[in-house]
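Have a look at the sequence and the model, then read on.

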Amino acid sequence: MGQIDRGRPRRPAREGAASNAGRLAGRVAWLLRVSRLYGADPAWVSAAAFSAAFAGGAHPEAVSESKVSRWETGHTTVPRRA
């Protein structure tokens with residue numbers, strides 16, 4: 001299979017502390033980005049389109065593109081409802 005280069009260049013999520021909680025937060029951040037970039041809906045490759053469609057379901061609040069980016073890079077903890 002050919003390589004698909006969609007979205008921003010890949011950056012590893014911040015690992016933070018060496019604790020299990022820190023490693024778990026980094027893995028969740030990575031999983032969010034990979035799911036968005038390589039998921040079934042190609043429209044969500046754009047973080048702006050993804051954040052506009054995010055509200056609803058278990059996370060009723062709207063989110064900004066910058067918040068999604070902070071979640072995906074591990075700079076902000078992802079809320080459980082997201």
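The buried residues of H3 are Val 68, Ser 69, Trp 71, Glu 72 and Thr 73. Keep in mind that this is a predicted model.

Let's take the H1 side to begin with. The axes of H1 and H3 lie 6 Å apart and form an angle of about 120 degrees. Because angles of 65 to 115 degrees count as roughly perpendicular and those over 145 as roughly antiparallel, H1 is oblique to H3. The residues that meet are set out here.

| Helix | Range | Residues in the H1 to H3 contact |
|---|---|---|
| H1 | residues 20-38 | Ala 29, Trp 30, Leu 32, Arg 33, Arg 36 |
| H3 | residues 65-73 | Val 68, Trp 71, Glu 72, Thr 73 |

By type, this contact of H1 with H3 has five nonpolar, three charged and one polar residue.

Now for the nonpolar core. Which residues make up the largest nonpolar core? Its five members are Phe 50, Phe 54, Val 63, Val 68 and Trp 71.

Setting aside neighbours within four places in sequence, Phe 50 is in contact with Arg 36, Trp 44 and Val 68. Of these partners, Arg 36 belongs to the H1 side of the H1 to H3 contact, and Val 68 to the H3 side.

One last stop is the end of H3: just after this helix, Gly 74 has a positive phi of about 80 degrees.

Note on methods: Residues are numbered from 1 along each chain as its sequence is written. This is a predicted model: local features need pLDDT of at least 70, side-chain atom pairs count only at pLDDT 80 or more; totals for chains, interfaces and linings use all residues. Side-chain values use heavy atoms; hydrogens and water are left out. A nonpolar core is a set of buried Ala, Val, Leu, Ile, Met, Phe, Trp, Tyr and Cys residues joined through side-chain atoms within 4.5 Å. Buried means under 20% relative accessible area, exposed over 50%, partly exposed in between (1.4 Å probe, protein chains only). Helices (H or I, at least four residues) and strands (E, at least two) are DSSP runs, numbered from the N terminus. Contact means heavy atoms within 4.5 Å. Axes are lines fitted to C-alpha atoms, for helices over the stretch in contact, and angles run from 0 to 180 degrees between N-to-C directions. Angles under 35 degrees count as roughly parallel, over 145 as roughly antiparallel, 65 to 115 as roughly perpendicular and the rest as oblique. Ala, Val, Leu, Ile, Met, Phe, Trp, Tyr, Cys and Pro count as nonpolar, Asp, Glu, Lys and Arg as charged, and the others, Gly among them, as polar.
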